[in-house]
Amino acid sequence: MQSISPASRDLARRLLARELARRKNSGTNPSADPVPPAARVCDKLRAVLVTFAGIAGFRSLLTRALTLAAVGHPELKGLRVNPDGSLSGIEDGESGEKTAATPECDEALVAQLLDLLVTFVGEGLTHQLVSQAWPDLHAGPLRSRTQVK
Amino acid sequence: MKRRTTPKASRGTRGKPSDNTSTPSTTAPNTPRSSVVIRKLKTGVPGLDEVLGGGLPEYSFNILAGAPGCGKTTLAHQIIFANATPQKPAIFFTVLGEPAIKMLRYQQQFSFFDKAKLDKSIRFINLSDLVLKNDLAAVLAEIIKQVEELSPGIVVVDSFRTVVRKAQSVVAGSAGGGDVELQAFVQTLALHLTSWQATTFLIGEYTDGELRDNPVFTVADGLFWLSQVTERNSIVRKLQVIKCRGQETVPGLHTFRITGDGVQVFPRTFGLTAPSDKKRSTLRQSTGVPELDIMMGGGIAAGESVLLGGPSGSGKSILGTHFVAEGLKKGEPGVIAVFEELPTQYVARAEKMGIKLDAARKNGTLEVIYLRPLDLSVDETVNEIVTAVKRVKAKRVVIDSLVGFELALAPGFRTDFRESLYRMIVALTRLGVTVISTVEVEEDFTSLGLSNYAISFLSDTIIRLRYVSLDGQLRRMLMVVKMRSGKHSIDTREYEITSKGVVMGERLRGYQALTTGIPGPWGWGPASDAGPTEGASRRGQGASRRGRGRDLE
């Protein structure tokens with residue numbers, strides 16, 4: 001499995017925590033909000049990335065991230081990337097429904113997606129894209145696995 | 001949408017670059033004959049504004065065309081990064097060309113790529129999904145929607161050719177004429193974009209043969225053709241402004257290069273289209289060799305071009321170095337363009353002769369520029385030299401040598417080398433600098449060639465160095481062949497190259513046919529029939545050389 005850079009993993013963790021907190025703060029019952037944090041994070045990135053990369057461009061990135069993450073987390077193999085770039089098959093542990101994906105799986109998936117972005121367009125642009133999706137988030141320095149090596 | 005005014009009319013700006021600030025403008029009121037002044041956007045591409053007659057006409061509808069790999073996308077990026085602001089952003093639509101992620105990956109390697117401009121000033125929008133659905137109306141609607149929302153100053157559609165192909169395939173299946181409908185599509189897009197006050201670029205991959213009868217080209221205000229010309233093993237990039245409505249463009253093919261800084265165009269005018277304010281000086285500039293100055297009536301007339309011809313090892317480079325070093329002593333900065341050795345080697349060789357150049361290089365009064373990239377163009381070379389001249393405010397330039405220069409050129413430029421040299425020398429002397437060009441002349445010992453390029457007429461002054469066989473020795477002699485600026489000595493002087501550089505000797509007397517390189521004493525051989533005009537005696541016959549520098553009579 002390709003290792004994920006610690007910075008990408010850290011940012012993924014923060015993004016997931018943020019989405020989880022947002023849901024908790026909104027007072028929504030997890031069972032009433034069927035979209036789990038990982039899917040939300042990917043969806044927010046999708047909204048930003050589709051504008052310039054197109055749906056096909058985003059789909060290919062997310063599919064690759066899923067493939068890479070599934071190597072270390074086989075439970076992710078049940079996930080599918082839909083034609084519009086959204087994720088399906090992702091389960092929500094908090095909602096009490098069957099838990100196929102653990103928080104570590106979510107983290108691995110999002111971190112792989114971020115790492116791919118850093119690899120292709122660099123740290124600066126990845127920061128900008130993340131900032132567009134989460135304007136109030138301060139993302140620390142990011143280095144992809146290739147740069148870490 | 002915010003209402004914008006049009007540029008205020010101003011007289012006498014045609015052909016001159018305008019600044020890039022947003023100046024409110026309109027047709028001048030109460031002056032029925034006044035015409036609208038078209039504001040010109042600076043392209044941010046060195047040399048291109050010169051070719052365009054000052055910049056890009058604002059609100060023009062342009063096509064950047066050429067084969068894949070010509071630099072179209074890079075050129076467009078450079079233009080948008082130079083012009084986009086949060087107030088007047090740029091939209092870059094990608095269709096089915098280069099995937100956007102890849103494009104951003106590579107384009108950010110260029111120095112002009114400013115990440116801070118993304119999103120706020122420059123927005124990349126992908127339309128491939130709409131094009132794949134064959135929904136041209138939706139493509140048009142999406143472009144218009146985005147333009148209306150963002151009110152951009154610049155809009156780029158890359159690669160527009162894909163849209164056109166889709167349009168052709170769609171209309172081919174319909175009852176309407178394909179070309180007419182395609183033209184309508186393009187015209188609608190152009191009208192929308194123009195009326196929304198955006199300067200527009202469509203990027204397309206076209207070949208030369210497609211230039212005719214293409215409705216897209218008819219509609220466009222500007223048509224910029226980029227190409228890569230292959231000759232033998234060389235590739236030279238060229239740009240032609242085929243059309244640019246309302247602009248005094250510089251015609252012809254202009255070479256350009258893509259470096260880490262993006263596209264740089266080398267206009268055939270060398271950036272010197274403005275009238276020269278330089279007046280010919282009556283000043284004489286010392287060559288650094290006092291005896292040679294005397295032969296030249298005090299030195300080289302400032303602002304003239306000098307051809308220094310001679311065989312290999314005759315001291316051309318050393319004389320050039322003397323000339324520049326003398327200028328530096330007098331506070332006249334200089335530029336030496338070398339083609340055959342590295343600047344460090346050049347400077348080290350000068351140092352061996354006691355000519356110190358290093359300090360001047362360090363303090364910025366001398367630039368030794370090495371010009372030997374692959375497939376160099378004349379325009380690029382001159383651009384480098386002109387830029388260096390302006391940078392150090394040079395008064396003296398040495399080009400060492402024309403032969404090296406020719407060898408550095410792409411083969412295609414060698415065929416018109418003479419014309420190119422003419423343009424180069426005119427450009428440099430227009431700047432008011434004195435130019436010495438060294439040229440290696442093949443010595444054949446039967447005649448006196450001035451150069452191998454038949455370029456003598458380009459030079460105001462010609463100094464010829466040559467070997468001469470005298471008394472069993474191969475010695476060197478120098479003569480001033482031509483000086484447009486005044487009288488000069490007609491002596492043939494011996495000289496030596498010593499540890500102090502060029503040291504002039506005496507006039508060579510008592511020999512005939514010196515200029516052939518194989519002289520004989522007067523009265524010897526067939527030449528004696530003509531009779532000598534000087535030293536008419538047989539005194540030189542059999543004279544053995546008793547010491548260098550002495551009178552040989």
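The model is predicted, so local features need pLDDT of at least 70 and side-chain atom pairs count only at pLDDT 80 or more, while totals for chains, interfaces and linings use all residues. Residues are numbered from 1 along each chain as its sequence is written, and chains are lettered from A and ligands numbered from 1 in the order in which they are written.

Helix α5 of chain B covers residues 136-150; helices are DSSP runs of H or I with at least four residues, numbered from the N terminus. Its 15 residues reach 21 Å from first to last C-alpha, close to the 21 Å expected at 1.5 Å a residue, the expected span being 1.5 Å times one less than the number of residues. B:L136, B:V139, B:I143 and B:V147 are its buried residues. Buried means 20 or more other C-beta atoms within 10 Å of the residue's own, exposed 12 or fewer, and partly exposed in between, with C-beta atoms placed from the backbone. Seen down the axis of α5(B), the buried residues fall within an arc of 60 degrees, so they line one face; the arc is taken over directions from the helix axis to the C-beta atoms. The face turned away carries exposed residues, among them B:K145 and B:E148.

B:L428 lies in helix α16 of chain B and is buried, with 25 other C-beta atoms within 10 Å. B:G303, 125 residues apart from B:L428 in sequence, is 8.8 Å apart in space, C-alpha to C-alpha.

The contact takes 14 residues from chain A and 14 from chain B, where residues are in contact if their C-beta atoms, placed from the backbone, lie within 7 Å. On the side of chain A, α2 (37-72) and α3 (103-133) give two or more residues each.

Notes:
Contact = placed C-beta atoms within 7 Å.
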